[in-house]
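Hello,

Here is the structure I promised to pass on to you. Please have a look at it first, and then read my notes below.

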Amino acid sequence: MDTPQKIPVSILTGFLGSGKTTLLNRILSEEHGKRIAVIENEYGEVGIDQALVIDADEEIFEMSNGCICCTVRGDLIRVLGNLMKRRDKFDYVLVETTGLADPGPVAQTFFMDDEIRAEFSLDGIVTLVDAAHIEQQLGRSKESTEQIAFADVLVLNKTDLVDGEALDRLEARLRDMNRMAQVMRSERANVSVDRVLNLGAFDLDQVLNRRPTFLEPEYPFEWTGVYTLDIGRHELSLADGPDPAMSLVVVSDQGTDDAALREGAEWCVRRYAEPADIARPGEMIPIGKHVNLQLDSPGRKSFFLEVDTQVRVGLYAQHTAEEFDFQLTNAKGTTIRQEVERTWVAQHEHDDEVGSIAIERAGDVDPDRLNAWLGELLRERGVDIFRMKGFVSLAGESRRFV
Amino acid sequence: MLINTSPRRANLASVRRIKDALFAALSLPDATTVTVTKLACLEEGCAPVETVVALLRPDVPPPQHKLHKPIDDVDAEDLRRICQVWGYDVQTPTLVSLFQED
């Protein structure tokens, strides 16, 4: 049987006034060659044309199927069913939710009926965030938190209304709440259409293409440089940088290949968990210990490293060498260049009720055990989980599962 | 199974047949939705594959019925039982004829 391609669907969500209708109009008016059917709960203030627009009343049903309890949108199943009869009229579907909607039932609808599953594929969830008001909204409404937690793309909109420092803080907060989402900034929802449609958010290759570090774990440090030191005293000098202090662990006998760097990184994670010794300018940096360099005085600051044998060391630093213009010199004043450097995905503080957890494991997964674990996790903690996303290599299966 | 390696697309015709038969047998209005889902549950005592059929009507909690068999194996007698559980009295021959039309 000839099986036609599934129709991709994007869900557009965001709190009231975040700019959903503006983005929708931008998508519909841009030349992208797609014929888009729009399903929305309410007609926005701005008129929408050039598209098939279908009004849907929100009809939420709680269903309990097997181990999984979920809510689905009955209206959406009907609307999608009707759309299928006009399949030749469009090749993309956009579902716009109301500002107060929980995106969960909308997304779950695409997995709870086998006809919908066979005809449509959920491409991604795009959440608009009003940069000027989201902080208040997050404190007051569960829905705005859920909209952020569910997103594949977070568009931080109305950035012209907020200063740069506040934006950086807000972006860091959003990233903590949802590590998997791409974050982009815009003023009047002016993001290009190809960054919000056809995301293939459930496609491993596309995800890795956009974010090569997606599968990398987070570390409490951002940078490592490997240097060979001769016997004697060395000076590490740092210029003014973005922080008044910086954590550092110096690892001795450091290898230069990726495996050695990862091994060093794992060892340093444990050192970073220990309380730091304070090191002031002019003081020694002990090897193998967590130190906190005090950098609050103006101008370049020097610290010292001493070794009694020639050794290769790894500096695992909270910030990159570039940010503080690291310079390492030997007793004769000769600059020592790093042999290898690499950056890591930096860890952030988690201060919201919602956060992300990543589990990484090499090798194949036993499908029965994975299913048993998922079943138990959903039974015990299902109500606490907004979304799970995984790239899984199942034992005995040549395809990759997303 | 939560992670399932078998393709789901193959059941599309069977899914439509179940939905169409129920719509016709119960004379369901347009504002009603029937969902059909193949599921597996890891609970002890559950069949490995279940077919869950639900009737979504506005303002009423959705009645559901689980058949302990795959979608492709659902027959007219199963549909009669679903109708009965949902409070409709439909005779098997009616469902047999609706179910065989295609």
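Among contacts in chain B between residues at least 6 apart in sequence, what percentage join residues at least 24 apart? The figure is 37%. Please keep in mind that this is a predicted model.

Let me stay with chain B for a moment. Chain B holds three helices and three strands, and from the N terminus on these elements follow the order α-β-β-β-α-α. Of the 102 residues in chain B, 45% are buried. The chain exposes about 5100 Å², and 51% of that area comes from carbon and sulfur atoms.

Now to the way its helices pack. Helix α2 (residues 76-85) of chain B packs against helix α3 (residues 92-100) of chain B at an angle of about 125 degrees, and their axes are 9 Å apart. On the α2(B) side the contact is made by B:Ala76, B:Glu77, B:Leu79, B:Arg80 and B:Cys83, and on the α3(B) side by B:Thr92, B:Leu95, B:Val96 and B:Phe99. The crossing of α2(B) past α3(B) is right-handed.

Helix α1 (residues 12-26) of chain B also packs with α3(B), here at about 135 degrees and with the axes 9 Å apart. These two helices are therefore oblique to each other, and α1(B) passes α3(B) in a right-handed crossing. Where they meet, α1(B) brings B:Arg17, B:Ile18, B:Ala21, B:Ala24 and B:Ala25, while α3(B) brings B:Leu95, B:Leu98, B:Phe99 and B:Gln100. If you display α3(B), look for B:Leu95 and B:Phe99: both take part in the contact with α2(B) and in the one with α1(B).

Over in chain A, there is a sheet to look at. Six strands form this open sheet, in the order β14-β15-β13-β17-β11-β19, with mixed pairing. Its edge strands are β14 (277-279) and β19 (340-343) of chain A, each of which pairs on one side only. On average, neighbouring strands of the sheet are turned by 30 degrees against each other, ignoring direction.

Within the sheet, strands β13 (residues 245-252) and β17 (residues 311-317) of chain A run antiparallel and are joined by five bridges. A:Val249 stands opposite A:Tyr316 of β17(A). Helix α9 (residues 258-272) of chain A lies across β11 (223-229), β13, β15 (290-294), β17 and β19 of that chain, and runs at about 125 degrees to β13(A).

Best wishes

Conventions. Residues numbered from 1 in each chain as written. Chains lettered and ligands numbered in written order. Predicted model: local features only at pLDDT ≥ 70, side-chain atom pairs only at ≥ 80, totals over all residues. Heavy atoms only, no water. Helix = DSSP H or I, 4+ residues; strand = E, 2+ residues; numbered from the N terminus. Buried < 20%, exposed > 50% of the residue type's maximum accessible area, 1.4 Å probe, protein only. Contact = heavy atoms within 4.5 Å. Areas by Shrake-Rupley, 256 points an atom, 1.4 Å probe, with all protein chains shown as cover. Pairing = 2+ DSSP bridges. Axes fitted to C-alpha atoms, helices over the stretch in contact; angles between N-to-C directions. Left-handed = near helix turned anticlockwise from the far one by under 90°. Parallel < 35°, antiparallel > 145°, perpendicular 65-115°, else oblique.
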